[in-house]
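Please look over the sequence and the model shown here.

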Amino acid sequence: MKNELHQSRSLYLKQHANNPVHWQLWSADVLAQSIRDKRLLLLSIGYSSCHWCHVMEEESFEDEEVAALMNAHFTSIKIDREERPDLDARYMNAVQLMTGQGGWPLNCIALPDGTPVWGGTYFSKEDWMSALSQIAEMWQESPQTIEDYAEQMREGLMDMLKVSKSGTPGTFEVADFEDVLVPWMRGWDERNGGLTHAPKFPMPSNYSYLLQHGILSSSERTLSFVHTTLQKMALGGIYDFVHGGFTRYATDRFWKVPHFEKMLYDNAQLIGLYAKAYRNNSSPLYAQTIADTVAWLQKEMQLDNGLYAAAVDADSATPENTREEGGYYTWRMEELEGIGLPNFDAFQWYFDITEHGSWEGKYILHRTQPIESLADRLGIDLSTAHALLLQWQQRLARAAADRLNTHPKPLRDPKALTCWNALLVIGFAEAHRSLPEKGYDQAATSLLDTLLNTVWQNGAIAHQYLKDTAEGDGFLDDYSSFGQALLEGFLLTGNSMYLERAHELAERIERVFPFEGDFRVYSPAVDAAWQKQLEIEDNVIPSANSMWAHFYQSMGTIADRNDWKEQPQQALRTLHSKVFRYGPNFSNWLELGLMRAYGAKELVITGPGAKAAAEDLQRTHYQPGTLVLFSESASELAHFKGRVGHTLTYYLCSNNTCQLPTTDLNELLKLWMA
């Protein structure tokens, strides 16, 4: 055997291609050979921008002694979790069942047939070698002990599946959301934003739900918490003031010290979240955060083919280290002093550049005060303060460019994942609703068209696009997010082609992803019952099933398909009893529940100027649960049929019933906001 990772196109796997470990690629042939050889599998799962994956590689996988142990006793397989999220989920569930926690790198020992028997996340060299030696010895001397445990694991994983798809059915009522909120609020950090404990993750789905619930319930406390969180994140070190874009999470409770990797899925969703928040509270900070994040994405993350790359590494080289976390983003005092920043004393105060404010000898640029405080300190007006802030940003950006020979950019993972790109289409669409003059609709439709030209294959979609090749069958989250992105394209432009493609995807989901209870399987490609995955709980990305439910709810409404609307409602009823224990794990589902409890509406605008009227209404009024449709020409779509005339007309509809049409905007607003 030898290391075969050089055959892969994955950046993460190629990073391990020169390890002395005889890494193999996951394949049926490799598993079959392991069964014939009766060799345990050693599965190591991570991704290219994972800091602790790099640490374990340096400490263990590059070490000849460790490699000799692994090569002697195991078939070692490296897996890129972003390429194979199904395998990652399978073994993450197993490790969480064994240890109660998970993360990356994810390391799991399995029987030759793939059944997990032991696992964990990061291990030091000493602990890793000790564990592997004990497991290898046990496999040689008492293999039945491991076989028996494997059977218990199979049963445990099937029990997890049963628990996931079970629940006491119920219908969401308005009071339920207050009951969900009570335990959730106990963890709110209402001074610094986010939850009280560190690390702090942006969790866009959580704050999107809380924003919408706060609006619908008129809860000032909830809205204040959401806006405090968004302001603190945008001002904190988790946001890259110099280049734009959000990093993965903050390691402290003040959002100061980030984990420096940048992920497409975080930034895609955060654009949409800040856009929704802007419609509720038109903060210039939100608009600037959206603009700078989009600019960073288009400059640094957009690939030559028009799609967007998956991630940027946390680590990069510096004069001090060949690999340093945050090396590209942090600054020494002498560097800052040499840039020639105007009003340097004010800069130091505003960005907390103090004697005791450094992190590992360097400074992370973060703001502890809003721009108004800077203006007050200098005795200048806000416009002058904003101009000064822009000067600082531009000079820092030039300084960063000037030191690229000593502080090169971190590696970018060039794989374009369908789901994450679809989330960006949705984020661009939300940004357009808030700031229609900025051209974010063009960014959305351009990316959507590129997805159709790359990963769309006669109604089927690929999981990713890499080096001009579509790869892998799409998973449920790929289909569901892409379907929603297509609907966003239709809602932005009125172009029926996007709706037709969304309809095709919805029909394909029915054929490809069977139900397991009231939910759809993540992937149909499994060999045994214990391998089935139901992705139901929302996390940093909404779950595949909650995205499917939102897509079907919207698609069913637009296409007048009651069966498509009923399926997500049935799933929502099954989840009813689960959300009260830990609401944040079901935040995207709770958004759907809000529509059930508070009532979903369709605002239909027809006739000359309908598109402009739709854009203006969505910019000035954020009413969660309202689907805004427009048409300026005759259409056979149920909401438009027989309703497009020569006068701009508004129809407010709910539960398949529309109120009398009106041409009076004020009359519409009375009905809509009632």
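Are D80 and K415 buried or exposed? Both residues are buried. The model is a predicted one, and the values below are computed from it.

## The D80–K415 pair

The side chains of D80 and K415 form a salt bridge, with an N to O distance of 2.9 Å. The two residues come from distant parts of the chain, 335 residues apart. D80 belongs to strand β3 (residues 74-80), while K415 sits in the loop between β12 (412-413) and β13 (416-417).

In general terms, side chains of opposite charge can pair when their charged atoms come close. A search of the whole structure gives 33 salt bridges.

K165, at 26% relative accessibility, counts as partly exposed.

R279 and E430 also meet through their side chains in a salt bridge, at 3.7 Å from N to O. Helix α11 (residues 264-280) holds R279 and helix α17 (residues 418-434) holds E430, so this pair ties together parts 151 residues apart in sequence. R279 counts as buried at 14% relative accessibility, and E430 is buried with a relative accessible area of 12%.

## A salt-bridge network

Which residues are linked with E58 in a network of salt bridges? The network joins E58 to D313, D315 and R323.

## The α20–α21 crossing

Helix α20 (residues 496-512) and helix α21 (residues 544-559) have axes that come within 11 Å and cross at roughly 125 degrees. Because of that angle, α20 is oblique to α21. The crossing of the two helices is left-handed.

On the α20 side, the contact is made by L499, A502, H503, A506, I509 and E510. On the α21 side, W548, F551, Y552, M555, I558 and A559 take part. By class, the residues of this contact divide into 10 nonpolar, 1 polar and 1 charged.

S34 is placed in helix α2 (residues 28-37). With 1% relative accessibility, S34 counts as buried. Leaving aside neighbours within four places in sequence, S34 is in contact with R39, L41, T75 and P112.

L223 lies in helix α10 (residues 220-235) and is buried, with a relative accessible area of 11%. What does L223 touch, not counting residues up to four places away in sequence? Its contacts on that count are L211, G214, I215 and N280. The C-alpha atoms of L223 and Q212 are 8.8 Å apart in space, and the two residues are 11 residues apart in sequence.

Notes: Residues are numbered from 1 along each chain as its sequence is written. This is a predicted model: local features need pLDDT of at least 70, side-chain atom pairs count only at pLDDT 80 or more; totals for chains, interfaces and linings use all residues. Side-chain values use heavy atoms; hydrogens and water are left out. Axes are lines fitted to C-alpha atoms, for helices over the stretch in contact, and angles run from 0 to 180 degrees between N-to-C directions. Helices (H or I, at least four residues) and strands (E, at least two) are DSSP runs, numbered from the N terminus. Angles under 35 degrees count as roughly parallel, over 145 as roughly antiparallel, 65 to 115 as roughly perpendicular and the rest as oblique. A crossing is left-handed if the near helix is turned anticlockwise from the far one by less than a right angle, and right-handed if clockwise. Contact means heavy atoms within 4.5 Å. Ala, Val, Leu, Ile, Met, Phe, Trp, Tyr, Cys and Pro count as nonpolar, Asp, Glu, Lys and Arg as charged, and the others, Gly among them, as polar. Buried means under 20% relative accessible area, exposed over 50%, partly exposed in between (1.4 Å probe, protein chains only). A salt bridge is a side-chain nitrogen of Lys or Arg within 4 Å of a carboxyl oxygen of Asp or Glu.
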